[in-house]
Structure formats: C-alpha cells, structure tokens
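Thanks for coming, everyone. I would like to walk through one model with you, and I will give the cut-off for each term as it comes up.

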Amino acid sequence: MFNILRIASSGIIAQQLALDVVGNNIANLQTPGFKRSRADTYDARYAPWNYAGTEPYPAEAQPHGTAGNGTLSTVMRLTSQGPVLQTGRSLDVAIQGDGFFEVTLADGRRAYTRDGTFGLDANGRLVTASGLPVGDIVVPPDATGVRIGADGTVRGRRGDVAETVFGQLPLVRFVNPRGLLAIGENLFVPTDNSGAAQPLDLVTTGGERLLPGSLEGSNVELSEEFTRMIQAQRAYQANLKVVQTWDELISTVNSLRR
Amino acid sequence: MLRGLYSAASGMDTHMRRLAVEANNLANARTPGYKQDRVPVESFALLLRGRTDPVIPMLDVPFPAPAQTELIGPIGSGVFPWEPVLDLSQGSPYQTGEPLDLALIGPGFFAVQTPDGERYTRAGNFSVDGNGTLRTATGDLVLGEQGPIQVGGGDLSIASDGTIFVNGNAVARLRLVEFDAPALRKVGENYLAPQDPAVLPRPATATQVLQGYLEGSNVDLSRTMVRLIELQRAYELSARALQLQDQTLGQAINDVGRVGGS
C-alpha cells in the first residue's frame with residue numbers, strides 16, 4: 001500500500017532529472033561544440049501480482065500479471081552535428097562530421113573537445129579557450145597571418161618567405177562518441193563505452209572535413225528543449241496527483257474508525 | 001450483515017490496487033515504448049441466498065435447484081481486481097532526429113539478449129558500446145537475424161524492414177518478431193517476456209521500423225486522471241458503505257431489545 005508513494009516518487013524523481021538535463025542543455029545553447037543530453041526513462045523491475053490476504057500462488061500457477069514498481073532513468077548524450085557558424089577568425093575551426101580535437105590537461109592526461117575556439121598563449125603555443133595546449137604546436141613570435149588550414153595544419157608567414165607549417169592539429173575519433181564522459185569546459189574523456197581514441201586522418205577518412213574560420217555551435221534546439229520541459233512538467237504534476245490521491249484515500253481509511 | 005462489511009472492504013482494496021497500477025502508468029508516462037496496464041475489475045461470484053440453507057455459490061447450484069432449498073435470489077459478495085492486462089496499442093511516434101532512435105509501427109517487437117534470456121521491447125532508444133555493438137538504453141544486446149549487431153562508428157541508416165546500413169553497406173538486419181497471441185508480461189527495463197516461456201515469436205510481417213523516431217508511451221494522461229478521480233470516489237463510497245454498516249451493526253447490538261428505553 002505504501003508502495004504507491006514510492007512508485008509516484010520514482011516518477012517525480014525521473015521528471016526532475018529530465019528537467020535538470022533540459023536546464024543544462026538550455027544553459028549551453030550558445031556553447032561552441034556542446035553536445036546535448038537526454039534523459040530517458042524505463043520501467044523498474046516488476047513483482048508478481050498477488051492478492052493480499054490470499055494464499056500464495058502454487059508453483060504451477062504462477063501469476064501472469066505483474067505489479068509495477070515505478071520508473072528509472074538513463075541519460076544519453078546525443079552527439080549529432082551542431083550548426084556550423086562562420087566567425088571569420090583565423091584560429092577558429094569547426095569539425096564537420098565525426099571527430100574531436102585532442103587537448104592536454106594540466107596533469108598531462110588527454111581530453112577531447114569539439115570546440116575549435118583556439119588561440120595563442122604568451123609563449124606562442126596553440127591553446128583552447130580555457131588555455132589548454134592543443135597538440136604541441138608553437139608559433140614563433142615573428143609569424144604573421146597565422147591560420148588553420150582545411151587540412152588541419154597551423155600555418156603562417158615569417159618575413160617574406162612562403163607560408164610555413166608550424167604543426168598539425170591532433171584529431172581523433174571514437175567508435176561511440178556518445179559514451180564519452182563530459183568533464184566540463186567542453187572537454188570529454190574516454191570511457192569503456194566510448195572505446196579508445198583512434199587517430200583521424202582527414203585524407204583517408206570519408207565524410208569528415210575541417211572548416212576554418214568557423215565554429216560548431218551547440219546542438220541544442222530550443223524548441224525541442226521547451227517541448228521536453230513542458231512534457232516533463234506535466235508528467236511531474238501527474239505523479240504529484242497520485243501522491244495526493246493516495247493521501248486522500250489513506251485519510252479516508254484513518255477516519256473510518258471514530 | 002458482516003458479509004456486507006467485507007464486501008465494502010473488498011471495494012476499498014480493489015481501488016487501492018488500481019491506484020498502484022495507475023501510479024506505475026503515470027510514473028512511466030514518458031517512457032519510450034511503454035505499454036500501460038489496465039486492471040479488469042470483476043465482482044466475486046454471485047451467491048444464491050437460500051431461505052434455509054447457507055448460501056450456495058450460484059454456479060454450483062444444480063438445475064433444477066434441490067427441492068428442499070427455497071431460493072430467494074442472488075447476493076453479491078464484493079469485488080476483486082484481476083491481474084493487470086497489458087494494453088499493447090500503438091503509442092504515437094515522435095521525431096527525435098537521432099540515428100539510433102527507432103520506433104516500431106505495427107504489432108512487432110525488437111529482440112534483445114539479456115542475462116535472463118531473450119526479451120522483447122518496443123523501446124528503440126538504442127546506443128552502441130565501445131566496440132561498436134548495438135545495445136539498448138540499459139546496456140543489453142540488440143539482436144539481429146545473425147545475433148548481436150556490429151555497427152561500428154560509421155554513418156548509420158536503417159530501412160523500414162530493419163536492414164541496417166553502415167556507410168551505405170548493408171551489415172545486418174534487426175530481428176523483428178511478432179506473437180500470434182501476444183500473452184506477454186512485463187519484466188522491467190522496457191522488456192516483455194512471453195507468459196509461457198515455451199511460446200516462441202515468429203518473424204514479423206506487419207511491423208515497420210522508423211529511424212529517427214521513438215514510440216511514445218501509450219499512457220493517456222487525461223483518461224488516467226479521470227480514472228484517478230473515479231477510483232478515489234469509488235473508494236470513498238466503499239468506505240462510506242462500510243461505515244454505515246458499522247453504525248447499523250452498532251445499533252443492532254446496543255439498542256435493539258433495550259428494555260425501557262431512555
């Protein structure tokens with residue numbers, strides 16, 4: 001009988017989580033390279049349906065019906081392509097198709113990002129917007145017209161000579177990019193679910209392209225997030241109604257005996 | 001008289017159980033591929049009230065009735081909830097645009113390999129693992145006609161008959177099944193199993209796959225809300241009937257036959 005409250009609260013918790021995920025997606029509507037997530041529910045394990053106060057079922061007559069135990073959630077990251085936005089900045093680059101840029105964290109570990117907002121630090125190293133080095137690319141201080149080419153090279157002029165290549169952007173791909181773990185600052189680290197990073201060679205791979213002077217926008221779509229928000233809100237309220245109904249039934253019981 | 005108390009209580013028990021089932025339906029109102037449970041409610045067998053004998057279950061009365069039993073008429077003895085039945089009606093598909101989201105149109109199911117054996121599901125929110133094998137949202141293997149499906153990390157497209165193309169090449173076909181008589185029970189994680197383990201499904205003939213869509217739960221929020229209101233009132237009515245009989249019983253015991261009166 002008290003099970004009903006647990007079932008209803010499992011629904012409330014699931015919709016709360018769905019709202020949290022929607023909230024995080026909307027907050028990152030403008031984050032370059034952001035990949036939205038989605039909370040999906042699934043039903044919890046069922047118990048055999050039996051009747052209170054009756055004999056247990058004999059073994060040969062297992063009940064066919066089942067009593068539900070509410071709902072649980074999984075959160076999936078959806079790695080579909082975001083819109084490519086032209087910025088004209090020479091050190092911005094977007095990936096069209098699969099793939100990630102490899103970034104070195106402060107502790108030497110590798111992390112991966114789709115955010116191609118690069119710049120140069122005080123030592124001329126190519127770094128992400130949060131200052132983490134991308135590959136080991138150093139641009140000499142006298143270089144001019146530094147840009148990223150469609151082949152992933154960082155190039156520029158020194159004096160009057162022709163363009164020289166200072167380095168190659170490290171690009172990787174994953175079997176299952178949805179399985180990557182987000183660690184904040186637009187960075188992901190691999191897990192068992194994503195598989196290990198495999199080098200991505202733009203020449204030999206088919207569909208992937210680099211688009212210099214552009215950034216990949218967030219793949220969050222506001223209209224869809226609002227739809228999900230409204231649905232989650234209504235489902236949340238419906239589960240609250242169950243709690244309320246249960247409460248009224250129990251108060252009826254408690255007033256039976258005066 | 002006491003029988004009436006228990007009849008009323010059986011009504012209260014039935015509606016509380018209906019609330020538990022509706023609670024589970026509402027908790028899963030947004031679960032992809034979820035099928036709602038319905039509770040059939042039935043009255044207990046009518047009893048024939050004999051004038052002299054104790055009650056006889058109506059079904060057991062030989063016809064014609066024994067001569068010594070003068071029958072007055074049937075009497076109810078309450079209500080009970082049957083085991084929930086699955087409403088397998090189609091939920092409405094909604095677009096997600098994700099290549100690994102699949103909705104089924106028609107009566108069939110996806111086949112899934114779980115630690116407990118083969119299970120069937122309508123929830124097509126699939127994923128791949130680190131080896132590129134197709135899995136359900138809860139991590140079990142989605143079965144193709146030749147077992148687990150290796151899709152790798154390529155560009156995935158799935159035809160309406162379940163054929164999976166990776167970068168344009170057909171690599172596998174989803175194992176879609178249908179049941180002749182869908183006597184299924186829910187086991188959780190959006191999975192269904194045949195009630196009789198000996199029942200085997202046959203390959204689907206009338207089921208289509210829709211890529212980039214998910215099948216919504218078939219829980220109807222407005223109807224469920226109406227049922228919540230109805231069951232609450234029915235519960236209160238049963239409680240009131242119980243109270244009235246309690247009062248009548250109290251009067252019979254304490255007041256009837258009192259000499260003198262107050």
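Predicted model: local features only at pLDDT ≥ 70, side-chain atom pairs only at ≥ 80, totals over all residues.

Which domains does the domain assignment of chain A give? It gives domain 1, made of 3-79 + 222-254, and domain 2, made of 84-216, with the bounds coming from an automatic or database domain assignment. Residues are numbered from 1 along each chain as its sequence is written, and chains are lettered from A and ligands numbered from 1 in the order in which they are written.

Staying with chain A, the C-alpha centres of its domain 1 and domain 2 lie 41 Å apart. Seven residues of domain 1 of chain A are in contact with 10 residues of domain 2 of chain A, where contact means that the C-beta atoms, placed from the backbone, lie within 7 Å. On the domain 1 side, the touching residues divide into three nonpolar, three polar and one charged; here Ala, Val, Leu, Ile, Met, Phe, Trp, Tyr, Cys and Pro count as nonpolar, Asp, Glu, Lys and Arg as charged, and the others, Gly among them, as polar.

Chain A also holds an open sheet of three strands in the order E12-E13-E14, with antiparallel pairing; strands (E, at least two residues) and helices (H or I, at least four) are DSSP runs numbered from the N terminus, and two strands pair if DSSP finds at least two bridges between them. The edge strands of this sheet, E12 (143-148) and E14 (164-168) of chain A, each pair on one side only. Strand E13 (residues 153-158) of chain A pairs with E14(A) over four bridges in the antiparallel sense, and A:Gly156 stands opposite A:Thr164 in E14(A).

Turning to the interface, 53 residues of chain A are in contact with 50 residues of chain B. Helix H2 (222-254) of chain A is among the elements that each supply at least two residues to the chain A side, and H2(A) gives the largest share, 12 residues. That side of chain A divides into 21 nonpolar, 22 polar and 10 charged residues.

Chain B has two helices and 24 strands. Buried residues make up 35% of its 262 residues, a residue being buried if 20 or more other C-beta atoms lie within 10 Å of its own, exposed if 12 or fewer, and partly exposed in between, with C-beta atoms placed from the backbone.

What does the largest nonpolar core contain? It has 54 residues, and those with the most contacts inside it are A:Tyr112, A:Val134 and B:Phe110; such a core is a set of buried Ala, Val, Leu, Ile, Met, Phe, Trp, Tyr and Cys residues joined through C-beta atoms within 7 Å. Strand E10 (residues 109-114) of chain B contributes the largest share of this core, four residues. Leaving aside neighbours within four places in sequence, B:Phe110 is in contact with residues including B:Tyr120, B:Val142 and B:Leu174.

Finally, two bridges join E10(B) to strand E14 (residues 141-144) of chain B, and the two run antiparallel, with B:Val112 standing opposite B:Val142. E14(B) also forms a hairpin with E15(B), with two residues between them, and B:Leu143 has B:Pro148 in E15(B) as its bridge partner.

Key:
Contact = placed C-beta atoms within 7 Å.
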